[in-house]
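Biologist: Hi! Could you walk me through this structure?
Modeller: Happy to, here it is.

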Amino acid sequence: MIREIHSEETGKLYECLEALAEHHNRVSVHFKGRYPQTPSREKIKQFESELEEGKSSIAVIENDSSIVGFCKIGTDGNTGILEYLVVLDRERGKGYGAALMDWALNTFQKLGINEIDVKVVYGNEAIHLYEKYGFRERSVIMTLDR
């Protein structure tokens, strides 16, 4: 069900990235209408480079040979970064988010990383999944848009 992908497969993440942008535009308290900040095709190229350089790992969930969710992780020194955890709306409620989270946490554990950060926009109900795994709010990032 879950497998890690290679750099040449990042193009398969396009639907999930577009769905994530749509989701953020719908639920975000402060960023509605501002996603994606980086176009999905450009983001896919970044993912490809990061995988090639060993800077990140990406696991996917496939259903009938199409990707319905993915998780991208990286590191910043001794801190793990949960960069993306996406499950398409039509596939939610099937345990895929938890399975991807388990993959991420197990991967970090194998790397000896115990501190893990994730950024969540206000309004995104995914915060409840992170809280189930013990994540807690540590800081608030404030911005001024003019």
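Biologist: At roughly what angle do the axes of helix α1 and helix α2 cross?
Modeller: In this predicted model, where local features need pLDDT of at least 70, side-chain atom pairs count only at pLDDT 80 or more, and totals for chains, interfaces and linings use all residues, they cross at roughly 125 degrees and come within 10 Å. Helix α1 covers residues 14-27 and helix α2 residues 40-52, numbered from 1 along each chain as its sequence is written, and side-chain values use heavy atoms, with hydrogens and water left out. Axes are lines fitted to C-alpha atoms, for helices over the stretch in contact, with angles from 0 to 180 degrees between N-to-C directions. Helices are DSSP runs (H or I, at least four residues), numbered from the N terminus.

Biologist: And which residues in α1 meet α2?
Modeller: Tyr 14, Leu 17 and Glu 18 do, and their partners in α2 are Ser 40, Arg 41, Lys 43, Ile 44 and Phe 47. Contact here means heavy atoms within 4.5 Å.

Biologist: Is Cys 16 buried or exposed?
Modeller: Cys 16 is buried, at 0% relative accessibility. Buried means under 20% relative accessible area, exposed over 50%, and partly exposed in between (1.4 Å probe, protein chains only). Cys 71 is buried too, with a relative accessible area of 0%.

Notes:
Helix = DSSP H or I, 4+ residues; strand = E, 2+ residues; numbered from the N terminus.
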